[in-house]
Amino acid sequence: MLGPGDSERVAELMRETAAAELTPRFRMLAKEDIRLKRPGDFVTVADELSEQRLASGLAKILPGVPVVGEEAAERDPGLVDLIARPGEACWIVDPLDGTANFAAGKDRFAMIVCLVQDRAAVAGWILDVPRQQMAVALRGQGVTLEGTPVRGAHADRPLIGFVGYKFRKEFDRQLPAAKRQQFGRLSTLSCAGAEYLEILSGRADFSLYRMTKSWDHAAGTLMLREAGGDAVRFDGQPYAPAQPINAGLIAAADPNALDEARMLFEALRLPLLAELPKP
């Protein structure tokens, strides 16, 4: 449904929005510019202004297609139901991915836009704002990182992955030393967009998430699939943008890396999954 030049228009809108709303406020926020939505979940004036500018610009690119933004969905949770409408389209927007990093003055934050059609991601854009790196994926047409096509490849080294603290703790506690040595560094950037770009660049191999909010993952999982990899839920079913947020996610740009990451996950006994909220 995107016309000629529309993908480039989205990318340019994102760069313009970052330059106008994010970069000038980085390390310049006043105390009153930051607030907690809930414990551990920050929002800043930069998130809100960035989302407003993106929503306005996207409405001009595809008139009539609604925008599901992270901050708008915070005010109106029913917006996320738009993602699951059969046959319909919507934009999914994370105007500032890695807000806690941004608020703390850490340069790991991104902007994410995804276009969904008939419940599936058909186009995705991720901008690493501090590094000005842009990845773009169009379903069936591949993925590029700064204009260069990307194909996943199996790394000739222990796998490097992005894994949250609780999972890392269980990996170190439960896995035999020999199995743990099959994997290299397990860490988190606290910014899903930046992590997806690290996987596309080949500097990391997989990611594993307990919670799967669509604005964090719809674009990135499309990119990994277009690179030749895949993204699956903890139960092995394919990831989808409208899935329950507690369905989990394991993703990689290379099928072999995905298989190894899934074996790692399945080797664990994880009572912490019982802590997840009901869908």
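A residue counts as buried if its relative accessible area is under 20%, as exposed if that area is over 50%, and as partly exposed in between, with a 1.4 Å probe and protein chains only. The model is predicted, so local features need pLDDT of at least 70 and side-chain atom pairs count only at pLDDT 80 or more, while totals for chains, interfaces and linings use all residues. Residues are numbered from 1 along each chain as its sequence is written, and side-chain values use heavy atoms, with hydrogens and water left out. Helices (H or I, at least four residues) and strands (E, at least two) are DSSP runs, numbered from the N terminus.

**Aromatic pairs**

- Rings of Phe, Tyr and Trp (its six-membered ring) pair if their centres lie within 6.5 Å; planes under 30 degrees apart count as stacked, over 60 as edge-to-face and the rest as tilted.
- The structure holds ten aromatic pairs; one of them, between phenylalanine 26 and phenylalanine 109, is tilted, with 4.9 Å from centre to centre and 55 degrees between the planes.
- Phenylalanine 26 lies in the loop between helix 1 (6-22) and strand 1 (34-38), and phenylalanine 109 in the loop between helix 4 (99-103) and strand 5 (110-117), so this pair ties together parts that are 83 residues apart in sequence.
- Phenylalanine 26 is buried because its relative accessibility is 17%, and phenylalanine 109 is buried at 3%.
- Phenylalanine 109 also pairs with phenylalanine 102: the ring centres are 4.9 Å apart and the planes stand at 90 degrees, which means that the pair is edge-to-face.
- Ring pairs also link Phe167, Phe171, Phe234 and Phe265 into a cluster.

**Helix packing**

- The axes of helix 7 (residues 192-201) and helix 8 (residues 214-226) come within 9 Å and cross at roughly 5 degrees.
- Helix 7 is therefore roughly parallel to helix 8; angles under 35 degrees count as roughly parallel, over 145 as roughly antiparallel, 65 to 115 as roughly perpendicular and the rest as oblique.
- Axes are lines fitted to C-alpha atoms, for helices over the stretch in contact, and angles run from 0 to 180 degrees between N-to-C directions.

**Methionine 134**

- Methionine 134 lies in strand 7 (residues 133-138) and is buried, with a relative accessible area of 4%.
- Leaving aside residues up to four places away in sequence, methionine 134 touches several residues, including Ala11, Trp125 and Leu145, where contact means heavy atoms within 4.5 Å.
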